[in-house]
There are 2 protein chains.
Amino acid sequence: MGNQVQESKALDGGATFADDELVRSGRDADVTRRALVRAARRRFATEGYRATTVRHIAADAGVNVALISRYFGSKEGLFEACMNRTVDELDPQTRARASSVDEVIARLLTHVVEAPNADDPLQLLLLLRSSGDENADAIRRRTLERFTEQLAAAAGWNADVPASQPLLLRAQMAIALMLGLVMLRTATEVQPLASASADQLTEPLERVLRVLLDTTEK
Amino acid sequence: MGNQVQESKALDGGATFADDELVRSGRDADVTRRALVRAARRRFATEGYRATTVRHIAADAGVNVALISRYFGSKEGLFEACMNRTVDELDPQTRARASSVDEVIARLLTHVVEAPNADDPLQLLLLLRSSGDENADAIRRRTLERFTEQLAAAAGWNADVPASQPLLLRAQMAIALMLGLVMLRTATEVQPLASASADQLTEPLERVLRVLLDTTEK
DNA sequence: GAGACAAGTAAACGATCGTTGACATAGGTA
DNA sequence: TACCTATGTCAACGATCGTTTACTTGTCTC
């Protein structure tokens, strides 16, 4: 057989992310742009960069495919916009100087395990899923490194050296732990981790993260 | 612009996995099959299922594309063969009983950071990447849960309760850390983690893993 | 209300994907 | 030697991808 499935049929295949809120009532380019980024982030996070098609994204957002090229230049540009928005939302929380390592850790845990917003963990997945696309991966890599520096800076608030390489490494280990955790919980859905409550996770995670990030601890 | 890049040119784009060893001298279907699985595993692990093309795999293995359909039915069939082989190779090592937590940790570190065989970490990536295929993901999930139980049993060798759920959770956190680490090091290639030496990683990782797995420690 | 410009759509293009059927060739068998 | 089957190659097919061009439609200003 060939690649089958008519192009028209392909769009209703799989769960169609109906973009409930953020209805585009009138003609507003900004609203449309946000709707596209919103739809794209969910697709990219859950299905990966290469597997998501611009036609799916446009259908989720309820607009024509051509608008992606018009507003973001290309699929790659839309992906970069998604990453930038994720960083922007992650930034104020990591940038805000913490008064203690405990506060940094608490902030991380809030994002990953408590997850007040259901889309929060998906944003992290966006940082982990490699695409196979060379430029998209470069964007991802650069974003992760920026995130690392901010986390290390926040953790080393009381360290004498501002950003030693061992600290950067430990910060990235913390990130690796959190990313792997989200991956196993939401994508692979391995048990009992996937259905574990936040209470069960916070205590051991706190201890581990303190070992990695606390520069004062022996 | 369009999708650019001539089809003939595309094949030498990116790092071409020259399949050094396992040269197919004569005409041997078994040897060819193994060469294909070998090349496919590296591509699938580093670039993901969707981003890997059968033409790349065939080029890596040094054979014609048509043989993939002939020997494995389809790209999906080849992926399933890769998974089966990975499970077969991972099983005996996790099944072997460890005598102490330190030994378990040492074993984990050997697999992930020291990596005597360059393909070892890539096998782990195969367990993490979702394919979109329902059956493949089920196999993946079941394998991870089995791996968790064996790791928890090995870690709790001196604990009074054999396999408490908190221990299972901590074991899966350890797995999450290792998988995230391999992901960031080999797929995303984020710095400085990707180019860090084994020496730089073992010390902090040992401490973290002991916190997670050592049931005697306070 | 008429025009103008932005916002959105429809249809198509070229490229690449996975797959296939017809053909070539090596190596063992009669 | 002549043949025959397993093994491998080649060229093409249909589908789908991201992108672009030409067009339509809404909305605001004068």
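1. Setting aside residues up to four places away in sequence, Leu78(B) touches Leu36(B), Val37(B), Ala40(B), Phe44(B), Ile57(B), Ile68(B) and Phe72(B); contact here means heavy atoms within 4.5 Å. Please keep in mind that this is a predicted model, in which local features need pLDDT of at least 70, side-chain atom pairs count only at pLDDT 80 or more, and totals for chains, interfaces and linings use all residues. As for conventions, residues are numbered from 1 along each chain as its sequence is written, chains are lettered from A and ligands numbered from 1 in the order in which they are written, and side-chain values use heavy atoms, with hydrogens and water left out.

2. Next, the core. The largest nonpolar core has 130 residues, and those with the most contacts inside it are Leu184(A), Phe44(B), Leu78(B), Leu184(B) and Leu213(B). Such a core is a set of buried Ala, Val, Leu, Ile, Met, Phe, Trp, Tyr and Cys residues joined through side-chain atoms within 4.5 Å. Helix α9 (residues 165–188) of chain B gives the most to this core, with 16 residues. Helices (H or I, at least four residues) are DSSP runs, numbered from the N terminus. Buried stands for under 20% relative accessible area, exposed for over 50%, and partly exposed for what lies in between (1.4 Å probe, protein chains only).

3. The aromatic pairs deserve a look. The structure holds six of them over all chains. The rings of Phe44(B) and Phe79(B) have centres 5.2 Å apart and planes at 80°, so this pair is edge-to-face. Because Phe44(B) lies in helix α2 (residues 29–47) of chain B and Phe79(B) in helix α5 (residues 75–95) of chain B, the pair ties together parts that are 35 residues apart in sequence. Phe44(B) is buried at 1% relative accessible area, and Phe79(B) is buried at 4%. Tyr49(B) and Phe79(B) also form an edge-to-face pair, with 5.1 Å centre to centre and 75° between the planes. The rule pairs rings of Phe, Tyr and Trp (its six-membered ring) if their centres lie within 6.5 Å; planes under 30 degrees apart count as stacked, over 60 as edge-to-face and the rest as tilted. In chain A, ring pairs link Phe44(A), Tyr49(A) and Phe79(A) into a cluster.

4. Lys75(A) lies over the face of Tyr49(A), 4.4 Å from the ring centre. The charged end of Arg33(B) sits over the ring of Tyr71(B), 4.7 Å from its centre. The criterion is NZ of Lys or CZ of Arg within 6 Å of the ring centre and within 35 degrees of the ring normal.

5. On to the salt bridges. Arg142(A) bridges to Glu80(A), the closest N and O atoms being 3.8 Å apart. Since Arg142(A) lies in helix α8 (residues 134–155) of chain A and Glu80(A) in helix α5 (residues 75–95) of chain A, this pair ties together parts 62 residues apart in sequence. Asp60(B) and Arg43(B) form a salt bridge with closest N and O atoms 2.7 Å apart, and both residues are buried. For Asp102(B) and Arg210(B), the closest N and O atoms are 2.9 Å apart. That pair links helix α6 (residues 101–114) and helix α10 (residues 198–213) of chain B, 108 residues apart.

6. What about the interface? Here 41 residues of chain A are in contact with 41 residues of chain B. The area buried between the chains is about 3700 Å², of which carbon and sulfur atoms give 70%; buried area is the accessible area (1.4 Å probe) that two parts lose on being put together, summed over both. Leu169(A), Met173(A) and Pro192(A) supply 14% of the area that chain A buries against chain B, more than any other three residues. Across this interface the rule finds zero salt bridges.

7. Gly180(B) is in helix α9 of chain B and is buried, with a relative accessible area of 0%. Leaving aside neighbours within four places in sequence, Gly180(B) is in contact with Ala176(A) and Gly180(A). The C-alpha atoms of Gly180(B) and Leu128(B) are separated by 9.1 Å. Helix α7 (residues 120–128) of chain B has nine of its nine residues buried, so this helix is largely enclosed by the rest of the structure.

Methods:
Helices (H or I, at least four residues) and strands (E, at least two) are DSSP runs, numbered from the N terminus. A salt bridge is a side-chain nitrogen of Lys or Arg within 4 Å of a carboxyl oxygen of Asp or Glu.
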